[in-house]
Amino acid sequence: MVQWWCAAQGVPWRWRWQPYPGVWAFCLALVVLWARMRARWPGPEETRRRAAIYLSGVGTLWIALDWPVGALGAGYLASVHMVQYLLIALVAPPLLLIGTPRGAFRALVSGPLGGVVWTLTHPLVSISLFVSIMGVTHWPWLVDTWMATQLGSFGLDLLWLLSGIVFWWPVVAPEPTRAWLTDGARIGYLIAATLVNTGVFAYLTFADFPLYATYELAPPVGSLSSQDDQLVAGLLMKVGGAPIIWTAITILFFRAYIRSDSLGPRERLSIPTEGRTPDGRASNGRASNGRTARIGVVLMTAGLPLATACGAERAGPGPAEAEWIAAGPIEVSDARVGLPPLPERAALYVDLRASGAPLRLTGVSSPDAARASLHTSSAGGSMMRMTPVEALDLPTDSVVALAPGGMHIMLEGLVRPLAVGDSVRAVLTFADGRTAPIAAAVVALEAVERARR
Amino acid sequence: MRSRPLPAPRRALVALALAAAVTACSGPPAPPDPGSFAGVGLPGAVTLPDLEIEVDPGVRSSLPERLTGAVNLVFVGYTYCPDICPVHLANLGAVLRDLPLEISREVEVAFVTADPARDTHARIDAWLRALDPRFEVKFHGFRPTRDEVNALEDALGIPRSVVDPEGADGEYFVAHAGQVIAFDEAGRARAAYPWGIRQRDWHADLPRLVRGEWPPLGDDSAAELR
């Protein structure tokens, strides 16, 4: 199955490579865009070193988004999700900004978007945006809702990249320039940024219990509990984010130290200053230059329509939150077995929907258990009673959920002891004789109820 | 700093961006209403039944004798239960492991089997151990006879459990009440936690119960246990 963006499937993690064409297309588009800008605005400043810096920025994004980091971060580990954040919002943007041809910046700020760029890159605005996006994108509700869909996952990555570009712009971008934004002021700006991530760090590190359903309920990877995973994520925000920003602070500090104070701030950045209006914006940019640069920025920030379209298509016509897997004449989602306290009986829960014509489920078997049968726990008042279910109708237009306290597939006489992370197989048989094989992940009992995304 | 007044549209944009930033920051979810409980309040008329039940092979004791926490939770079920019993207690166990020790040590949990024919003491112990491998929860296993369990259910005010007829394979189910009943230090039933209670509900309620705050009586409190 081809994965476009996210991998939140609710199946146990496997170290098996999966293609992420959406990610490739996005990274390729960034390279193509850069090549076109470079062809359009050549110059002595466009050195091989800056080309390498830009490409390493694209490479950083690629590592953060493609398998396995992208897949682990999207659906399994909050700590890897945090690594993605650091790479996308803190590492890649300055590299991309430093490597982008200077002419593109000049064309952008002299074009119609110049005013917006001037406003957004005011240090007070950019740091506010950066902090807000950092805060909001680590808000559990948003993470759990957005990460459940390909589009949302892509949107989150894009928002991070955007916030990173805006945040780093006043530090590394040559345009637009503010006379008062000296290296010293930039150092102050970065130090302020090191203080604000403490909020997210504290929120994650000192949380009493797992905050993100996405990671709490994900099939576990290795033996890391979701609480520890979240703790690592919080520490990464602190100890991982700080070195990146402090590296930049060190570079700025030595640059300011090495260069003489007699030089103005613009010279310190070695940016040619001729042809500017007093407010520091280029006055001789051509309109067509501005347009190409605008297209570039739109591509970089608003995302590649291809990737977006593919993501939407991948999500399919049904509820976008769940990953549906085709199984014979039906589709299944979120198949899971709670690790039973004692091995005789286990309950398998799964969401079902018929993909073609309506179906009637009449039988269940499992190669992993001596007997498998469909039951429902029904409540009369507070009384709970287990009743066998002879047949279950699956309409085409709705999802039938087998869930705790309702229907489940009961497995008796399991052929081997289960462990969290195992997979249990079952075969559903329908009235018309067709069958659907399904595989369910074994999860901790307390995760069964909330394992649904 | 060179002063350079921003044109009006830009000033507006700056203000807008800052306002958006501030609004966005105040976004995180509101804490649950401090006045509300997930559990349903009970009048406290029912007390822990003083019935002698086997707690270990050849050892008889009673719920009030064994349960000495500030909060005592009682659940009637059976270990062959594939669905509700283990999930209900696993959720509770996960939360008790997570709560600070000064809270969790005040909470004791009684599991009373409604299926003594199959649930031996060894089996009950193994089942509870699997739910709590590191002995972090004060679980107590009780193994009454079928008559005793029904008498206990009558005393608790919950419906009598019923052993369903055996299936073709010799297996059978037991129908039983789905809720956990919470008793205070004095052994009075003060709250019921029906099936469907989430971990976050336990997490919010249990510390308050330990501190002696109990859910107020609701309109449906009388009917809740039936």
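Q: Before we dig in, what makes a residue buried, exposed or partly exposed here?
A: A residue is buried if 20 or more other C-beta atoms lie within 10 Å of its own, exposed if 12 or fewer, and partly exposed in between. Keep in mind that this is a predicted model.

Q: OK, so how does L235(A) count?
A: L235(A) has 15 C-beta neighbours inside 10 Å, so it counts as partly exposed.

Q: And where is L235(A) placed?
A: L235(A) sits in helix 12 of chain A.

Q: How far is A242(A) from T194(A) in space?
A: Their C-alpha atoms are 6.1 Å apart, while in sequence the two are 48 residues apart.

Q: How do helix 10 and helix 12 of chain A cross?
A: Helix 10 covers residues 183-205 and helix 12 covers residues 226-258; their axes come within 9 Å and cross at roughly 175°. That angle makes helix 10 of chain A roughly antiparallel to helix 12 of chain A.

Q: Which classes of residue are in that contact of helix 10 with helix 12 of chain A?
A: By class, the contact between helix 10 and helix 12 of chain A has 18 nonpolar residues, eight polar and four charged.

Q: Switching topic: which residues touch the most other members of the largest nonpolar core?
A: Those are L348(A), V74(B) and F111(B), in a core of 100 residues. Helix 3 of chain B (residues 84-98) gives the most to this core, with nine residues. Apart from it lies another core, of 79 residues, including W41(A), A71(A), A107(A) and I249(A).

Q: What does V74(B) touch?
A: Leaving out residues up to four places away in sequence, V74(B) touches L63(B), A110(B), V112(B), L156(B), V180(B), I181(B) and F183(B).

Q: How many residues of strand 4 of chain B are buried?
A: Seven of its seven residues are buried, and the strand runs over residues 71-77.

Q: Which of them point which way from strand 4 of chain B?
A: V71(B), L73(B), F75(B) and G77(B) point one way, while N72(B), V74(B) and V76(B) point the other way. As background, side chains in a regular strand alternate between the two faces of the sheet.

Q: Which order do the strands of the open sheet in chain B have?
A: The six strands go 1-10-9-4-5-6 in chain B, with mixed pairing. Strand 1 (40-41) and strand 6 (138-142) of chain B are the edge strands, each pairing on one side only.

Q: How many bridges join strand 4 to strand 5 of chain B, and are they parallel or antiparallel?
A: Seven bridges join them, and they run parallel. In strand 5 of chain B, V112(B) is the bridge partner of V76(B).

Q: And strand 4 with strand 9 of chain B, parallel or antiparallel?
A: Those two run antiparallel, joined by four bridges. V74(B) stands opposite I181(B) in strand 9 of chain B.

Q: How many bridges join strand 5 to strand 6 of chain B?
A: Five bridges, and these strands run parallel. F139(B) in strand 6 of chain B is the bridge partner of V109(B).

Q: Which strands does helix 6 of chain B touch?
A: Helix 6 (residues 146-156) of chain B packs on the sheet, touching strand 4, strand 5 and strand 9 of chain B. Its direction makes about 130° with that of strand 4 of chain B.

Note on methods:
Residues numbered from 1 in each chain as written. Chains lettered and ligands numbered in written order. Predicted model: local features only at pLDDT ≥ 70, side-chain atom pairs only at ≥ 80, totals over all residues. Axes fitted to C-alpha atoms, helices over the stretch in contact; angles between N-to-C directions. Parallel < 35°, antiparallel > 145°, perpendicular 65-115°, else oblique. Nonpolar A, V, L, I, M, F, W, Y, C, P; charged D, E, K, R; others polar. Core = buried A, V, L, I, M, F, W, Y, C linked by C-beta atoms within 7 Å. Contact = placed C-beta atoms within 7 Å. Pairing = 2+ DSSP bridges.
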